[in-house]
Amino acid sequence: MHRLLIFVGVLVTTTLCSTLILLPDSNLHIISCDVGQGDATLVVYKDKQIVVDAGPVGGGAVECLNKHMPFWDREIELVILTHPQIDHFGGLIEIAKMYKVDNFVSSGLGNSTPEYQALINVLGGSEVRLIIAQDTASIGIGVMYLDILHPNENFIRQNCNLLKPDDDGLIHTMKCDSDPNDYSVVVRLRLEEFTALFTGDMGPKVTDEILTRFDIGHVNYIKIPHHGSKNGLSKTLLEETLPEVAVISVGKNNSYGHPHKEILDLLHEFNVQILRTDLEGNIEVVTDGIGYWIKKQ
C-alpha cells in the first residue's frame with residue numbers, strides 16, 4: 001500500500017508538472033516544424049493557434065502540434081494553405097481529422113491529386129469556415145493581425161480562369177496555367193512591434209508584384225521562400241524588409257540541393273541569422289511583442 005501511494009503521488013506530480021509546462025504564457029510562439037522537405041509552421045498566442053502549411057503526408061506536422069499545444073486544446077483557430085502542393089498541404093489531412101479547424105484560408109487554387117481531394121473531403125465534412133485569400137485583407141486572431149499581401153485580384157484575373165464555386169465551399173475556384181508557386185498566399189503577421197513574414201514558395205516575380213503595392217517595412221522574422229531555392233528569395237525583398245532572423249524549412253540531404261549557396265550567401269551579406277530545420281529540427285522563435293528570442297528544443 002505504501003509503495004502504491006508513492007507511485008500515485010509521483011504520477012500525480014508528474015501530470016501536474018506536465019500540465020503546468022503546457023499552460024499558455026503571454027508570449028507569441030512561432031514554431032517551424034521539421035517536416036522534411038516541406039513547410040509547416042505553428043503560431044501560438046495564449047489559447048489561439050494558427051497553422052501555416054503542414055508539410056507532406058506523414059511528415060510529422062501532427063506530432064509537432066501535439067508537442068507544442070496543450071493536450072486538452074483540440075481547436076485551431078486558423079489554417080492557411082499557401083498553395084496546393086503536397087509538400088505544403090499533405091499534413092493538413094491528418095490535422096483536419098484530429099483537430100477542429102475554425103477557419104481555412106487558401107488562394108482558391110486547387111489540384112486533382114487524390115491527396116488534395118482527400119483534404120477537400122475532410123474539410124467539407126466539418127464546420128470549417130472557408131476563406132479565399134484576397135490581398136489588402138486583414139484577419140484578426142485575438143491581438144494578432146495577419147495582412148494578406150498576395151495573391152492580388154488583378155494578378156489572378158490576368159493569369160487564371162475563374163471557375164464556378166464548388167459545393168465544397170470555394171476551396172477550388174480557379175485554374176491557372178502558370179507555376180502554382182506564383183499564387184502562394186503571402187502573409188505578414190503583426191503583434192505590437194514584432195512582425196513576421198510568411199512567404200510560401202513565392203519567387204522574384206511575386207516579390208516585385210507585392211512591393212509595387214505594399215510598403216512591407218522592416219520584419220523581424222522571415223520564412224525564406226521555396227526552401228532556400230535560388231528561384232525564391234530576392235535581394236530586393238531583403239533590401240525592403242531587412243529581416244533579422246530567417247528560417248529555412250528544408251529536408252536533410254534533399255535531392256534539390258536546397259538551400260542553394262546563392263541564398264545563404266545573400267543572407268550572410270545582409271547579416272541575417274539563419275535557422276534551418278534540416279540542421280536544428282523544430283525551431284521556435286518567441287516574442288513578447290517587443291523583443292524576441294530563440295528557444296532551444
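Colleague: Is D102 buried or exposed, and what is its relative accessible area?
Modeller: This is a predicted model, in which local features need pLDDT of at least 70 and side-chain atom pairs count only at pLDDT 80 or more, while totals for chains, interfaces and linings use all residues. Residues are numbered from 1 along each chain as its sequence is written, and side-chain values use heavy atoms, with hydrogens and water left out. A residue counts as buried under 20% relative accessible area, as exposed over 50% and as partly exposed in between, using a 1.4 Å probe and protein chains only. D102 is therefore buried, with a relative accessible area of 16%.

Colleague: Why does the salt bridge of D147 and R190 tie together separate parts of the sequence, and how many residues apart are they?
Modeller: The closest N and O atoms of D147 and R190 are 2.6 Å apart. Helices (H or I, at least four residues) and strands (E, at least two) are DSSP runs, numbered from the N terminus. D147 belongs to strand β8 (residues 144–150) and R190 to strand β11 (residues 186–191), so the bridge joins parts whose separation in residues is 43.

Colleague: Which residues do salt bridges with shared partners join into one network with D147?
Modeller: D147 is buried at 7% relative accessible area, whereas R190 is partly exposed at 31%. The network includes R190, and its members other than D147 are R188 and R190.

Colleague: How many residues apart are D39 and K223, which form a salt bridge?
Modeller: Their closest N and O atoms are 2.5 Å apart, and both partners are buried, D39 at 3% relative accessible area and K223 at 4%. D39 sits in the loop between β1 and β2 and K223 in strand β13 (residues 221–223), so that this bridge links distant parts of the chain, and the separation in residues is 184.

Colleague: Which residue does C33 join in a disulfide?
Modeller: A disulfide is a pair of cysteine sulfur atoms within 2.5 Å, and the structure holds one. C33 lies in the loop between β1 (28–32) and β2, while its partner lies in helix α2, so the link ties together parts that are 31 residues apart in sequence. C33 counts as buried at 1% relative accessibility. The S to S distance is 2.1 Å, and the partner is C64.

Colleague: Which residues of the largest nonpolar core touch the most other members?
Modeller: A nonpolar core is a set of buried Ala, Val, Leu, Ile, Met, Phe, Trp, Tyr and Cys residues joined through side-chain atoms within 4.5 Å. In soluble globular proteins, nonpolar side chains tend to be buried together. Of the 31 residues in this core, those that touch the most other members are L65, I76, L92, I95, F104 and L119.

Colleague: How many residues does the other core have?
Modeller: This core lies apart from the largest one and includes L78, A196, Y221 and V247. The number of its residues is 28.

Note on methods
A salt bridge is a side-chain nitrogen of Lys or Arg within 4 Å of a carboxyl oxygen of Asp or Glu.
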